[in-house]
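Here are some notes to read alongside the model. Have a look at the fold yourself before going through them.

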Amino acid sequence: DDSGLGGSFSERGSFPEEQKIGRKARRTSEAHDVREARLLGELCHQLEQRVLVSVFPRQRIDPASFSLRTIEDLIRLEPDPDEKEFLSRKLGRVLATLRLYGFELQRHPFVMTDIMLRFGKFGTDWDKYNFVHQKGYHDPELLRETVGRLGPDP
């Protein structure tokens, strides 16, 4: 593995052994359900989208077409020097805030992409809000514990 992360999340963060039942795979462990894993993918998606919108408030970019993995390249490609400086400062402020929570631009966007591709996100806002309400994940401590349990090892 050449990810530089000590193995891919797919290898290290996979669910327990699965049993084939008919055409569907079922996990032998009750520790996770698919919606919890999807919640992790949704959190990564939301963080990425919000950072992109925060850094590029004046541009008409489609956040779905860009990612945090390429945000610095996107800023470098800006032809207007004043706008490039504005975007660089904005990214610096956003990253300074995220660093307070342990976020590293050189590492986490790749892990987030892996999680989003592996687990997906909720199909509709209703699915997302219904699940969060049902499980009590509006409580930040419970959400933090769940993300810590589901996320890849550091």
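Predicted model: local features only at pLDDT ≥ 70, side-chain atom pairs only at ≥ 80, totals over all residues.

1. Let's begin with a pair of helices, H2 (residues 34–55) and H7 (residues 140–150). Their axes come within 10 Å of each other and cross at roughly 100°. Angles of 65 to 115 degrees count as roughly perpendicular, so that is how H2 sits relative to H7.

2. Which residues make that crossing? On the H2 side they are Glu-36, Ala-37, Leu-39, Leu-40 and Leu-43, and these meet Leu-143, Thr-146, Val-147, Arg-149 and Leu-150 in H7. Sorted by type, the residues of this H2 and H7 contact come out as seven nonpolar, one polar and two charged.

3. Next, H4, which covers residues 81–99. With 19 residues at 1.5 Å a residue, H4 should span 27 Å, and its end C-alpha atoms lie 26 Å apart, so the two values agree.

4. Where do the buried residues of H4 sit around its axis? The list is Glu-83, Phe-86, Leu-87, Leu-91, Val-94, Leu-95 and Leu-98. Looking down the axis of H4, you'll find them within an arc of 160°, so they line one face of the helix. Among the things covering these buried residues are H2 and helix H3 (71–76).

5. Ile-71 deserves a stop of its own. This residue belongs to helix H3. Is Ile-71 buried or exposed? Its relative accessible area is 1% and buried means under 20%, so Ile-71 counts as buried.

6. What does Ile-71 touch, leaving aside its neighbours within four places in sequence? Its contacts are Val-51, Leu-52, Val-55, Phe-56, Leu-91 and Leu-105. Leu-91 has already come up as one of the buried residues of H4. As for Leu-105, it is 34 residues from Ile-71 in sequence, yet the C-alpha to C-alpha distance is 9.6 Å.

7. Last stop: H5 (residues 108–119). This helix has twelve residues and reaches 16 Å from its first C-alpha to its last, close to the 16 Å expected at 1.5 Å a residue. Its buried residues are His-108, Pro-109, Val-111, Met-112, Thr-113, Ile-115, Met-116 and Phe-119. Just past the end of H5 comes Gly-120, with a positive phi of about 75°.

Methods:
Residues numbered from 1 in each chain as written. Heavy atoms only, no water. Axes fitted to C-alpha atoms, helices over the stretch in contact; angles between N-to-C directions. Helix = DSSP H or I, 4+ residues; strand = E, 2+ residues; numbered from the N terminus. Parallel < 35°, antiparallel > 145°, perpendicular 65-115°, else oblique. Contact = heavy atoms within 4.5 Å. Nonpolar A, V, L, I, M, F, W, Y, C, P; charged D, E, K, R; others polar. Expected span 1.5 Å × (residues − 1). Buried < 20%, exposed > 50% of the residue type's maximum accessible area, 1.4 Å probe, protein only. Arc of directions from axis to C-beta.
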